[in-house]
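User: Hi! I've got a protein model open and I'd like to learn how to read it. Can you walk me through a few features?

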Amino acid sequence: GGCFGTEVAMNQQLAPYFFGYFGLSVTNAGWAAAGFGLMNLFARSLGGLISDYMSSRLGHRARHWVLFFTQTMAGLMLLTFSRMKSDNFAGAMVVLLCFSFSVQMAEGATFAVVPYVGKILKALGPVAGIVGAGGNIGAALWGVIYREVSTSDPDPRAPFLVHGFAVLATCLLVPFVHYPSLGSMFFPATETDEKPDVQPAVKMQASAVDEDAPAADVARSA
């Protein structure tokens, strides 16, 4: 829910927010909100590509760092967006696009980790499904939070502020994602998936045959 759910929630909240807080027309508010989803054209794929590149250079643990960094940037950009004043629409749009760029990259970085976790658990389909469903659940929860905060705080920016802190809180979970064969942000892998080396057994069999060879020669000569 920290990235997928956040994207869905923002798609629901932005147009009414631009209309009510910044005073845009309904049409312009819709176009402004569409800018948030426009980053989907490349940002999500870019998050996965960067994760792949960093993993090829630094190992699988780099994927966790990419996810942590992009998710953290998304939270910080959302906090910044929540502090923009109504007379600074241009600045708010710049921050919003940076936020969209970060949260879409976090989605790509998330699914860059999913195949490896699915391989370990031997359940790639269920793992991918749970991750995707988590976004839908998160979106529903964010909708409830926006409604409750809006009714208790007259500042229309307050729900975005709470949401930003919540996204940052989800980042604190990433360092605890650890699998023995993959490692984590701060700890290396403690196990490997490599098959045991069978060469020593083969060598022992070969040496046993060589040792038996002289005895066989003596038997034939007798």
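Analyst: Start with a cut-off: a residue counts as exposed when its relative accessible area is over 50%, and as buried when that is under 20%. Keep in mind that this is a predicted model. Now try helix α3: Leu49, Ser56 and Arg57 are exposed on one side.

User: Which residues of α3 are buried, then?

Analyst: Ala43, Gly47, Gly48, Ser51 and Ser55. Look down the axis of α3 and these buried residues sit within an arc of 150°, so they line one face of the helix. That buried set packs against α4 and α5.

User: How far apart should the ends of α3 be?

Analyst: Helix α3 has 16 residues, 43–58, and at 1.5 Å a residue it should span 22 Å. The C-alpha atoms at its ends are 22 Å apart, so the two agree. Just after α3, glycine 59 has a positive phi of about 100°.

User: Is glutamate 107 buried or exposed?

Analyst: Buried: glutamate 107 has a relative accessible area of 0%. You'll find it in helix α5. Leaving out residues up to four places away in sequence, glutamate 107 touches Cys3, Phe4, Glu7, Asn40 and Arg44.

User: And how do I read a pocket?

Analyst: Rolling a probe the size of a water molecule over the atoms shows where empty space is left. Here the largest pocket has a volume of about 510 Å³. It is lined by 19 residues, and the closest to its centre are Leu67, Thr110, Val131, Val174 and Val177. By type, the lining has 11 nonpolar residues, eight polar and no charged.

Key. Residues are numbered from 1 along each chain as its sequence is written. This is a predicted model: local features need pLDDT of at least 70, side-chain atom pairs count only at pLDDT 80 or more; totals for chains, interfaces and linings use all residues. Side-chain values use heavy atoms; hydrogens and water are left out. On a 1 Å grid over the protein atoms alone, a cavity is a set of points where a 1.4 Å probe fits but cannot get out, and a pocket is an open set with protein on both sides within 12 Å along at least five of seven lines; lining residues have an atom within 4 Å of a point. Grid points are joined across faces, edges and corners, and a volume is the space filled by probe spheres set on the points. Ala, Val, Leu, Ile, Met, Phe, Trp, Tyr, Cys and Pro count as nonpolar, Asp, Glu, Lys and Arg as charged, and the others, Gly among them, as polar. Helices (H or I, at least four residues) and strands (E, at least two) are DSSP runs, numbered from the N terminus. Buried means under 20% relative accessible area, exposed over 50%, partly exposed in between (1.4 Å probe, protein chains only). Contact means heavy atoms within 4.5 Å. The expected span of a helix is 1.5 Å times one less than its number of residues. The arc is that of the directions from the helix axis to the C-beta atoms.
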